[in-house]
Amino acid sequence: MRTLIISDIHLGLPGLALRRPSRSAASLEPLFDGVSAVILNGDTADIHQPRFAPEAMRLLGALREMAGRMGVELVEVCGNHDATEGSRTHVLLAGGGILVSHGHAFSPRMLPWVPSTGAMSRRFAEMLAANPPTLDGVVRAANEGALVQWSEEASADEPTSIWSIARSPSRVLSVLRWWREYPRDAATFAERYAPESWCVVCGHSHRAGAWRIASRPGAMPRLVLNTGSFSFPARPFGVLVDEAAGEIQLRRVRASRGRYELEGRRAANCWRIH
Ligand SMILES: [Mn+2]
C-alpha cells in the first residue's frame, strides 16, 4: 500500500517547460506503476482558463481513465487553478500526522506577483471571516479568492507566461521573498488548522524541497515537503508514503525517453513516519 503525491501538473497549459515531455496520461504513466493510490495535490489541470480549459479537461479525463485501467485509486485535491465546489481541500494520512494540501491557503498572499493579487487576497479574507475556521473552511475561502484570478476583468491583465514575470524586477523580487517565507507559512498553517500533523506535503509555490521548520521560535518544527511543479521551472518531485514500511520519501521526478519516472530512493530524503 504505497501512495504517491504529486502536484502542479498544469494539464492544458502549453509549452512552459522546455525540453520536457508533454504532460499527458501516457507520459505520466510510469509514476502510476507500483503504487496503490496517487494523490494529485492541486493545480492538476487548468480548467478555469477559457483558452486552455478544453484541452485541460480532455487530458484530465484521460488521466482518470488511465488510473482506473491500472487499478490505482486517484485522489484529486484542489489547487487555485482547479478549485471546484466538489473537490477535496486536503487529505490526512498516517493517522493525521501527514497533512496533504495544495498550499494556496497557507498565506493571505496567494500569488503576490499577479496583477489581481489584491482582489484575490480581499476575497480570501472576506470568505475567511464568513467560513468556519476549519481546515476545510480556510481552503474553501482560498478557493473563492483564487476564482477572482479567472474572472473576466482580472484575466485580461494576467501575464500569459512566466517570461513576462521575469521582465519585471519587482515581480521577481516578490516571488523570491515569497519563496523564502513559504515553508514557514506552511508550518504556521499546519500548526493552526492541523495541530496533530508533524509533516505537511504541498505544492503551489513551484519550488520543490524539504524543510524542517517551526512556525515561530519555540514551536514544534514540522517537516515541509514541496513537490514543485511539472510546468515552469519544471523540477517536479513526488512524495511516496509507505505506511506499512513506516517511511515517507521525497523523490525527484526525472524525464526519460519522453516520459516521467520517479528517481530511486535517497536516504537523505527519507523520514520515519511517527
Ligand atoms: Mn497553485
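1. A residue is called buried here if 20 or more other C-beta atoms lie within 10 Å of its own, exposed if 12 or fewer, and partly exposed in between, with C-beta atoms placed from the backbone. By this criterion four of the five residues of strand E1 are buried, so E1 is largely enclosed by the rest of the structure. Helices (H or I, at least four residues) and strands (E, at least two) are DSSP runs numbered from the N terminus.

2. The model is predicted: local features need pLDDT of at least 70, side-chain atom pairs count only at pLDDT 80 or more, and totals for chains, interfaces and linings use all residues. Residues are numbered from 1 along each chain as its sequence is written.

3. Strand E1 (2–6) has two partners to consider, where pairing requires that DSSP finds at least two bridges between the strands. With strand E2 (residues 37–41), E1 pairs in the parallel sense over four bridges; Ile6 has Leu40 of E2 as its bridge partner. Strands of a sheet pair through backbone hydrogen bonds, either parallel or antiparallel.

4. A further element is an open sheet of five strands in the order E4-E5-E6-E8-E7, with mixed pairing. Its edges are strand E4 (91–93) and strand E7 (209–213), each of which pairs on one side only. On average, neighbouring strands of this sheet are turned by 20° against each other, direction ignored. Angles are taken between axes, which are lines fitted to C-alpha atoms (for helices over the stretch in contact), and run from 0 to 180 degrees between N-to-C directions.

5. Within this sheet, strand E5 (residues 98–100) and strand E6 (residues 199–202) run parallel and are joined by three bridges. Val100 has Val201 of E6 as its bridge partner. Helix H7 (residues 169–193) lies across E5, E6, E7 and strand E8 (222–226), and runs at about 125° to E8. Contact means that the C-beta atoms of two residues, placed from the backbone, lie within 7 Å.

6. Helix H3 (residues 117–130) has 14 residues and spans 20 Å from its first C-alpha to its last, close to the 20 Å expected at 1.5 Å a residue. The expected span is 1.5 Å times one less than the number of residues. The buried residues of H3 are Met120, Arg123 and Phe124. They lie on the same side of H3 because they cover an arc of only 105° around the axis, the arc being that of the directions from the helix axis to the C-beta atoms. Helix H4 (135–149) is included in what covers these buried residues. The face turned away from the buried side carries the exposed residues Gly118 and Ala129.

7. His10 is in the loop between E1 and helix H1 (25–32), and is buried, with 25 other C-beta atoms within 10 Å. His204 is in the loop between E6 and E7; His204 is also buried, with 28 other C-beta atoms within 10 Å.

8. A cis peptide bond, with omega about -5°, joins Phe232 and Pro233. Pro233 is placed in the loop between E8 and strand E9 (237–242).
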